[in-house]
Amino acid sequence: MSRDNLAFVRSHMLPEAPPPVAETGAVKWLRENLFSSVGNTLLTLVSAYVVVRILFGVAPWFFNGIWDSPSLSACREMLDGRTGACFAVLTERWNQLLFGFKYPPDLYWRPTLAFVLLFVAAAPVLFMKYLPRQMLIFTGLYPFIAFWLIWGGSIMVPIFALLGVLLGAFVYWRTLTISAGVAVLAGIVAALVFWWASRLVTAPLGDVLALQPVVSRDLGGFMVNMLLGVVCVSLSLPFGIMLALGRQSRMPIIKWICVVFIEFIRGVPLITLLFVANVVLAYFLPPGTTFDLILRVIIMITMFSSAYIAEVIRGGLAALPRGQYEAADSLGLDYAQSMQLIILPQALKISIPGIVNVAVGLFKDTTLVSIISMFDIVGMIRGPILASTEWNGVYWELFGFACLLFFIVCYGISQYSQWLERELRTDHR
Amino acid sequence: MAAETQMQISDEIAIEITKMNKWYGAFHVLRDIDLTVYRGERIVVAGPSGSGKSTLIRCINALEEHQKGKIVVDGTVLSSDIKNIDTIRSEVGMVFQHFNLFPHLTILENCTLAPIWVRKTPKREAEETAMHFLEKVKIPEQADKYPGQLSGGQQQRVAIARSLCMRPRIMLFDEPTSALDPEMIKEVLDTMVALAEEGMTMICVTHEMGFARQVANRVIFMDQGQIVEQNEPEEFFNNPKSERTKLFLSQILGH
């Protein structure tokens, strides 16, 4: 095209063309990711060396491991000077690691069954789209079934607890037309009154369908970590949502209660809250009241994590454009409807990584209860197992096993959350 | 056209605003607004940015609270009572500059949500209504997609359909074409013209003066929170009275 002739008219549109066929395969990947520059090549070689050294160090220890032996000294004899792990402690103390040392051995099937049923109960919540809605009924019943299985006692206790919840829900439903706040209060009061009154009925019916009772003090091992983790995560999510919404409320009293609660809890270490639950609370309660230790710990951990979850969700709420609130308002949706249908589904989706972060942290923090002399898995390892004459000195194997259990659960949670994020993606970027 | 559209306007009052004032903090945004809208009227509100146009129509469905004066919508006095506000909002449709569709719901769900939850319409019926209005805005085939998959013009038409599904008696448009590419403005304006021809009461904040000429029966010009001039479109554009209006028109029509 010469300078004099700048006019141009396209006579035909260009068709879409495939991208140039690039080199693919492992060679390309290696070159791009591992050997792209001198520095990276050097780093690759150094890290390969470190990895190999670690593998060669650990492999004999792991593969020479002894799985069957009555004590550490017997283990050492069998190894006869070779490096090798003494995994026998895991097989020999397997039940103690999982259930604690005081849970009656012939009742191990009960927490095991509760653990298996946990998956059935969690599945319809976790995979809402793919499983029938009716399965949620079992999810609703599960807490009561699990309680009965783990603690035993008369079936009347969980049944009346369930009835109290249902009554509270019914009262809430019927008073909802007056105002949401009144309804929540009325529902809670109705349930409490019902539970208080039901003690008169359940006491004489103590033997009906009774499983052998187990007291909270006798629970132990990884079971305690699972129990605290599952209960506290599932309780702190709804509480966290309520706190986050409360903090945004236009009603100053509600707003300030939430702000003070969140800021106070976030400013205090969990371990001090646990000490409060263990020691200090007893001073305030009237003497002779049996306020279950596990219940106290559950309340404290739930308070702690719901404050954190509230802040995560507040971030999600703040990230939504104001237009979403306005669009919901302009259609005539009331506060509850716009929160439930428009705002929370989007805010929670944004908050998933943060919520998972808190949930994983909370689950790992359940090991802190070992400090207030509860025998969770860490408490069991540090206490009864390492203190015994047979297994004094087996650190790597025991703590490695605890790490493995926690890693499996936490990695599972993280993988699930990533799947959920992909599943909820509707922006098609 | 003017004569024909005149006939559709009744004597019934749809919105009556008297001596309405609003402040943002100490800033006096709206000053002594008096405005009566009759049923079937199509009003275009024009004016420079920051003149209070959007704030005015957002006060009508209480997205913004006014501090002084009285607003009566469809015979209901706008007060701070929440029930009262929700009633007015369900009678008054609103279309936003940035569409504000719900990104986590499909197009069809966007349209059926409010009828199902606010009007308690059965799901089947709400879906039929939604499809009816999606056909009207000419995108029924997109019903199962998500807002993120649609172009801006399509999203805005969905937003109009979403409002219409509530069968509102009044429609408010807050700069509905300002965020659109030039090629998409026309498809949205066509939808609005069709709506006007059916006799919907409409208040549009817009810079589309062609639309104002074609559809409006009254143009309101605002500046500094006040109504400076209002007239029939012919008079307004050809023979503006106030100096401020003349300046404004020369600036937006002069190129």
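**Cysteines and the overall form of chain B**

In this predicted model, the sulfur of Cys410(A) lies 11 Å from the closest cysteine sulfur, that of Cys403(A), which is too far for a bond. Cys410(A) has a relative accessible area of 12% and is therefore buried (under 20% relative accessible area; exposed is over 50% and partly exposed is in between, with a 1.4 Å probe and protein chains only). In chain B, Cys59(B) takes part in no disulfide, and the nearest cysteine sulfur, in Cys204(B), is 17 Å away. Cys59(B) is buried, at a relative accessible area of 0%.

Residues are numbered from 1 along each chain as its sequence is written, and chains are lettered from A and ligands numbered from 1 in the order in which they are written. Local features need pLDDT of at least 70 and side-chain atom pairs count only at pLDDT 80 or more, while totals for chains, interfaces and linings use all residues; side-chain values use heavy atoms, with hydrogens and water left out.

Taking a disulfide as a pair of cysteine sulfur atoms within 2.5 Å, the count over all chains is one. The bond joins Cys75(A) and Cys86(A), with an S to S distance of 2.0 Å. The pair links distant parts of the chain, 11 residues apart: Cys75(A) belongs to helix H3 (residues 72-79) of chain A, and Cys86(A) to the loop between H3 and helix H4 (88-92) of chain A. The torsion about the S-S bond of Cys75(A) and Cys86(A) is about 95°, so the disulfide is right-handed. Cys75(A) is buried, at 1% relative accessibility, and Cys86(A) is buried with a relative accessible area of 3%.

Chain B contains 10 helices and 10 strands; these are DSSP runs numbered from the N terminus, helices being H or I of at least four residues and strands E of at least two. The C-alpha trace of chain B spans about 55 × 45 × 40 Å along its principal axes. The radius of gyration of chain B is 18 Å, in agreement with the value near 18 Å for a compact globule of 255 residues (taken over C-alpha atoms; the globule rule is 2.2 Å times the number of residues to the power 0.38). Of the 255 residues in chain B, 55% are buried. Among contacts (heavy atoms within 4.5 Å) in chain B between residues at least 6 apart in sequence, 68% join residues at least 24 apart.
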